[in-house]
Amino acid sequence: MTENMAARHEVIVVGGGAAGLSAALVLGRARRRTLVVDAGEPRNTPSPHMHGYLTRDGMSPADFLAAGRREIARYGVELVRDRVVDASRAEDGFTVVLAGGNTVRARQLVVATGLRDELPPLPGLAERFGRDVLHCPYCHGWEARDLPTGVLATSALSVHQALIVTQWSKDVRLFLHLVPEAELTDEDLRRLAAAGVEVVPGEVAGLVVADDRLTSVRLADGTVHDREVLYTAPRPVPQNELFVRLGAELRETPFGAYPVIDERGLTTVPGLWAAGNASGFAEQVVNAASRGYRAGSAINGELLFADLDAALG
C-alpha cells in the first residue's frame with residue numbers, strides 16, 4: 001500500500017475483531033471504500049470457544065474472525081495486517097500512520113482496538129487463562145458446571161463474582177488472597193453464607209497442575225484446596241491511545257478510561273467513532289458486533305448527508 005492509494009478510502013477501521021469487522025461489513029455492503037487495519041491480537045485468543053452468541057455458540061474465536069474476514073472481502077473491504085502508531089485529524093478527515101511505514105487517510109475513523117486483560121501476578125495463572133482459569137461464567141460457566149470451583153479475589157467486588165458463579169456450581173470457595181477480610185461488609189458475608197460460598201482468608205501462593213489440568217489451589221501457609229476451576233477478575237486496560245491522541249473526551253470508570261460517546265458510538269471528535277470494548281468494559285462478542293453494526297450504519301448516513309449538503313452548496 002502506498003500513500004496515494006489511501007485517498008481511495010472513505011473509512012478506516014482500526015481493529016479487526018468482532019466490532020471492527022461488523023462495522024466494515026456494513027460499510028462494505030453500503031459501497032463505502034473501507035480499510036481495516038488489524039494487528040492480529042484478539043483479546044479472546046486464549047479461549048478455545050466462545051459462547052452466548054446465537055448460532056455461533058461453541059465456535060472458536062479464530063474461526064469466527066476468519067469467517068468475518070472472508071465476508072468483508074466479498075464486498076471489497078481491504079484488510080492490512082499492521083499496527084497504527086499515530087493518528088491526526090485534518091479538516092477533511094484523518095491521517096493514520098502504520099508501523100509498517102505507510103500513511104493512510106480517510107474521512108471517518110472507527111477505533112475498535114478493544115482492551116487487554118491484566119491478570120493478577122500469581123505463578124501459573126496466565127498459563128491456564130481461558131482453560132481452567134476463567135473470568136466470565138456467562139462465557140464458560142456451562143462447561144465448568146458442577147465442578148469444585150474457586151474464585152481468586154482481586155478486590156471486595158469479587159464477592160459479586162463468587163455469588164454469580166454459584167449459579168453453575170454449588171461448591172465454591174472465595175480465596176481472599178490479598179484482600180483483607182475486613183473489606184467484606186456484613187451484607188457480603190451474609191450473602192456468601194446464604195449461597196454456600198466458603199470464604200478462605202490468606203494469600204494464595206500458586207496453582208497445582210497435574211496432567212495439564214488444574215487440581216488445586218495452594219496457599220502461602222501450605223494449605224491446599226482441591227479445585228478444578230478458578231475464576232478471577234483481570235484488570236481491564238482499555239487501549240485508548242488513539243482517542244487520547246485525537247483529543248476525544250474520556251470518562252473515568254472503575255474499569256479504566258473510555259471515550260464519551262453517543263448512542264451510535266460517535267465520540268466528541270467529529271468523525272471519530274468507538275466500537276466494541278474500545279467503547280466500554282462489558283461488551284461481549286455479540287454486543288461488540290452489534291456496536292460495530294450500529295457505528296457502520298451511522299457512518300454511512302453521516303457521509304451520505306455530508307455529500308448531499310456539499311452538493312447543495
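Buried means under 20% relative accessible area, exposed over 50%, and partly exposed in between, with a 1.4 Å probe and protein chains only. By that cut-off, His177 is buried, with a relative accessible area of 14%. The structure is a predicted model, in which local features need pLDDT of at least 70 and side-chain atom pairs count only at pLDDT 80 or more, while totals for chains, interfaces and linings use all residues. Residues are numbered from 1 along each chain as its sequence is written, and side-chain values use heavy atoms, with hydrogens and water left out.

**Overall chain**
- The chain has eight helices and 20 strands; helices (H or I, at least four residues) and strands (E, at least two) are DSSP runs, numbered from the N terminus.
- Along the principal axes, the C-alpha atoms fill a box of roughly 75 × 35 × 35 Å.
- Of the 313 residues in the chain, 46% are buried.
- Contact means heavy atoms within 4.5 Å; among contacts between residues at least 6 apart in sequence, 60% join residues at least 24 apart.

**Helix pair H1 and H2**
- The axes of helix H1 (residues 18–29) and helix H2 (residues 61–74) come within 9 Å and cross at roughly 20°; axes are lines fitted to C-alpha atoms, for helices over the stretch in contact, and angles run from 0 to 180 degrees between N-to-C directions.
- H1 is therefore roughly parallel to H2, a class for angles under 35 degrees, with over 145 counted as roughly antiparallel, 65 to 115 as roughly perpendicular and the rest as oblique.
- The H1 and H2 crossing is left-handed, that is, the near helix is turned anticlockwise from the far one by less than a right angle; clockwise would be right-handed.
- On the H1 side, Ala18, Leu21, Ala24 and Leu25 meet Phe64, Leu65, Gly68, Arg69, Glu71 and Ile72 of H2.
- The residues of this contact divide into seven nonpolar, one polar and two charged, where Ala, Val, Leu, Ile, Met, Phe, Trp, Tyr, Cys and Pro count as nonpolar, Asp, Glu, Lys and Arg as charged, and the others, Gly among them, as polar.

**Helix pair H5 and H6**
- Helix H5 (residues 158–165) and H6 pack at an angle of about 20°, and their axes are 10 Å apart.
- That angle makes H5 roughly parallel to H6, and their crossing is left-handed.
- Val159, Ala162 and Leu163 in H5 meet Asp188, Arg191, Leu192 and Ala195 in H6; this contact has five nonpolar, no polar and two charged residues.

**Nonpolar cores**
- A nonpolar core is a set of buried Ala, Val, Leu, Ile, Met, Phe, Trp, Tyr and Cys residues joined through side-chain atoms within 4.5 Å.
- The largest has 25 residues, and those with the most contacts inside it are Val11, Val36, Phe64, Ile72, Val110, Trp273 and Ile299.
- Strand S1 (11–14), H1, H2 and helix H8 (285–312) are the elements that give two or more residues to this core, with the largest share, six residues, coming from H8.
- Leaving aside neighbours within four places in sequence, Phe64 is in contact with Ala18, Met50, Tyr53, Met59 and Val285.

**Two loop residues with positive phi**
- His177 is found in the loop between strand S11 (172–175) and helix H6 (186–195), and has a positive phi of about 55° although it is not a glycine.
- Not counting residues up to four places away in sequence, His177 touches Leu122, Leu152, Ala153, Gly202, Glu203 and Val204.
- Asp211, in the loop between strand S13 (204–210) and strand S14 (213–219), has a positive phi of about 55° and is not a glycine.
- Asp211 is exposed, with a relative accessible area of 76%, whereas His177 is buried.
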